[in-house]
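Subject: The model, and what I found in it

Hi,

Here is the structure I promised to pass on.

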Amino acid sequence: MADLVLDVRDLTVVFQGDRGTVTAVDGISFRLERGRTLGLVGESGSGKSVTALAIMGLVADNGTVAGRLQFLDSGSGAGQDLLTLTEVQRQGYRGRRIAMVFQEPMSALNPVYTCGFQLLEALRQHRAIAAAEALKMAAALLQEVRLLPSDEELVARSRRELGLASEESDTETRSVREAIARRVNQQKRELLDRYPHQLSGGQLQRLTIAMALAGDPAILIADEPTTALDVTVQASILKLLKELRDRRGMAMLFVTHDLGVVADIADEVAVMNRGRIVEAGPVAEIFSQPQDPYTQGLLACRPNPHRTAARLLTVADFVAQRNGSGGADLADQSCPAPASALEPIADGPEPAGSESAEGDGRSPLLSVRQLRVTYPVRGAWGQTRRYVMAVNGVSFDLFPGETLGLVGESGCGKSTLSRAILRLVNASEGRVYFDGQDVFALRGAALRRLRQDLQIVFQDPFGSLDPRLRVGAAIAEPLTIHRPDWSTKRRRDRVAELLERVGLEASSGDRFPHEFSGGQRQRICIARALALNPRCIICDESVSALDVSVQAQVLNLLKDLQAELGLAYLFISHDLSVVKFMSDRIAVMKDGRIEELGTAHQVYFQPQQPYTQTLIAAVPTVDLDRLRQRQHRGDRAS
């Protein structure tokens with residue numbers, strides 16, 4: 001029988017606010033067992049993170065927690081109800097027996113302290129050890145999360161740097177061995193002495209995992225730990241978490257909205273909606289035969305690269321079918337039911353109608369030729385030490401009504417390329433042509449006219465909107481600048497029309513950005529981009545921060561607008577499954593260059609470059625056979 005660590009019974013969390021009480025978690029129950037992972041899945045606002053915070057004892061002061069959180073140490077019988085403890089007693093569990101990894105590592109770390117200081121602080125907080133021992137343990141933790149090479153690798157590297165033979169010889173003096181030891185310790189200190197801003201997103205998440213392990217916890221709670229990461233970095237973090245769970249025998253609660261990620265890491269899954277668990281069970285069972293319409297909707301709304309679909313199903317479609325109020329036809333072959341959507345489809349010939357606009361004789365709307373963008377790296381006194389080539393000789397065409405997907409990891413130059421096209425950053429070399437005009441040669445009124453035809457939707461909708469402006473004023477702003485001859489009534493009517501076109505009520509214009517959800521804010525940004533009837537829109541990671549269900553709604557909206565208005569999209573993302581759904585052609589970018597360019601089907605199913613193959617392999621997928629095998633192994637182990 002599995003070793004039970006935490007037994008959650010009838011957990012309820014209620015918040016008191018200005019508008020009354022809000023029940024964020026409504027009487028849920030589940031169990032966490034050693035060496036196994038429970039995936040807690042649902043959309044934003046479903047109560048997932050509040051559940052995790054309740055277990056940690058971190059619910060805000062205006063929240064009331066009820067129910068039972070029975071923690072059982074190994075070999076213990078009765079255990080301890082965490083909700084009956086005082087705050088001082090709770091500190092003996094928080095971090096020490098139950099640890100948490102948060103979604104945004106940069107926000108979880110203090111930017112004014114070094115990484116080593118913060119890791120050592122966690123160790124000294126939970127363990128009564130001397131400074132030298134803490135330093136040794138900190139290095140061991142960094143090696144365990146693979147942020148620092150092993151001692152053997154550090155010794156080999158030190159020997160190379162000191163010009164010594166790769167293998168130790170009997171003739172080596174004591175001073176040589178001491179020099180190697182000093183160099184090894186120096187390499188360890190180099191990482192510990194860095195500040196958070198000097199590490200990448202994946203490195204920061206590994207550091208927060210190391211801090212969470214400092215107390216040797218029995219339970220690790222991971223709250224959306226890979227949402228902000230590229231697919232390749234995400235895959236490495238998921239692999240690391242599984243290895244740490246198995247090696248240390250921890251129980252893990254993995255909180256996410258991405259069912260593809262859950263399929264890769266969880267043994268059991270619990271689906272949350274509006275504070276309740278609507279469905280729970282072994283991951284293979286839930287994924288192969290989901291019973292609740294909400295679960296079916298979550299499974300179906302993620303783009304499936306193995307199917308050609310005109311539209312994505314949404315959670316609302318399934319809930320509407322259950323309530324008998326219409327919605328999408330779930331029998332439509334373009335919108336397959338969830339069970340069929342999960343079955344792998346053989347890689348066949350390219351589907352009819354997927355040919356790009358490149359071969360139809362039309363002239364390109366947007367042409368980029370040998371574009372280069374360099375950034376100077378400044379020294380201590382402001383002098384330029386060297387240059388970084390962010391975009392290095394990129395060329396492509398975008399045709400009217402076409403979607404060109406641009407994919408690659410963070411730092412590959414995707415966003416810099418989009419900003420150079422829009423002249424938001426200066427290009428070092430190359431040309432950009434829009435409808436035959438040299439974009440870099442335009443000045444004054446001619447450049448302002450170009451801005452009407454070429455718009456952008458940024459990744460963060462909240463950061464893209466002025467929090468002091470009502471959304472109606474934000475949407476009207478381009479009209480005020482470019483249509484000064486329009487009357488106030490005409491601009492107001494145009495704003496109402498745009499809001500309705502993106503699926504919001506016309507009265508929404510009187511509200512402020514903070515009063516909308518993430519998906520609604522992104523719709524507002526799209527409405528603003530449409531205000532001047534553009535011919536081309538650059539979507540820069542415009543859905544990467546959204547839940548899969550909200551993402552499906554926004555992707556459907558973009559497709560509808562393209563069909564209705566004949567828009568061309570440059571669709572930038574690191575998620576190949578989303579790009580495959582949206583795009584006619586895909587360009588894969590790495591280190592500032594285009595590695596591969598072809599139709600969406602060719603790039604996804606017949607990738608020619610190893611880098612493209614690596615990106616595709618890292619995309620989270622639902623493999624039912626693998627899930628059943630993993631479940632069978634787990635059952636035998638129990």
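In which helix is the place of Arg494? It sits in helix H19, residues 488-501. Before I go on, some housekeeping. This is a predicted model, where local features need pLDDT of at least 70 and side-chain atom pairs count only at pLDDT 80 or more, while totals for chains, interfaces and linings use all residues. Residues are numbered from 1 along each chain as its sequence is written, and side-chain values use heavy atoms, with hydrogens and water left out.

Helices (H or I, at least four residues) and strands (E, at least two) are DSSP runs, numbered from the N terminus. Buried means under 20% relative accessible area, exposed means over 50%, and partly exposed is in between (1.4 Å probe, protein chains only).

Back to Arg494. With a relative accessible area of 8%, Arg494 is buried. Its side chain reaches the backbone oxygen of Leu530 at 3.1 Å. That is a polar contact, meaning a pair of N or O atoms within 3.5 Å; within protein, one must be able to donate a hydrogen and the other to accept it, and residues adjacent in sequence count only if both atoms are side-chain atoms. Setting aside neighbours within four places in sequence, Arg494 is in contact (heavy atoms within 4.5 Å) with Leu479, Trp486, Leu530, Ala531 and Asn533.

The whole chain

The chain has 25 helices and 20 strands. Of its 638 residues, 51% are buried. Take the contacts between residues at least 6 apart in sequence: 68% of those join residues at least 24 apart. The chain exposes about 29300 Å², with carbon and sulfur atoms supplying 47% of that; accessible areas come from the Shrake-Rupley method with a 1.4 Å probe, and for residues only the protein chains shown count as cover.

An enclosed strand

Strand S18 (residues 568-573) is the one I'd click on next. Six of its six residues are buried, so S18 is largely enclosed by the rest of the structure. In a regular strand the side chains alternate between the two faces of the sheet. Both faces of S18 are covered, with Ala568, Leu570 and Ile572 buried on one side and Tyr569, Phe571 and Ser573 buried on the other.

What does S18 pair with? Strand S13 (residues 403-407) pairs with S18 in the parallel sense over five bridges, and Leu406 stands opposite Ile572 there. Strand S17 (residues 536-540) also pairs with S18 in the parallel sense over five bridges, with Ile537 having Tyr569 as its bridge partner. Two strands count as paired if DSSP finds at least two bridges between them.

For an antiparallel case, see strand S19 (residues 585-590) and strand S20 (residues 593-599), which pair over six bridges. Val588 has Glu596 in S20 as its bridge partner. S19 and S20 form a hairpin with two residues between them, and Asp591 in the turn has a positive phi of about 50°.

Two covered helices

In helix H1 (residues 48-56), seven of the nine residues are buried, so H1 is largely enclosed by the rest of the structure. The buried ones are Lys48, Val50, Thr51, Ala52, Ala54, Ile55 and Met56. Gly57 follows H1 and has a positive phi, near 75°.

Lys48 turns up again from another direction. Thr256, in strand S8 (residues 251-256), is buried at 3% relative accessibility. Leaving aside neighbours within four places in sequence, Thr256 is in contact with Leu40, Val41, Gly42, Lys48, Glu224 and Val262.

Helix H15 (residues 414-421) is mostly covered, with six of its eight residues buried: Lys414, Thr416, Leu417, Ser418, Ala420 and Ile421. Just after H15, Arg423 takes a positive phi of about 65°.

One spot on the surface

Which residue lies in the loop between helix H3 (105-108) and helix H4 (115-126)? One is Tyr113, which counts as partly exposed at 38% relative accessibility. Val112, Tyr113 and Phe117 form a nonpolar patch on the surface, with about 300 Å² of accessible area together.

Cheers

Terms used:
Patch = residues over 30% accessible without salt bridge, like charges linked within 9 Å, V, L, I, M, F, W, Y side chains within 5 Å. Salt bridge = Lys/Arg side-chain N within 4 Å of Asp/Glu carboxyl O.
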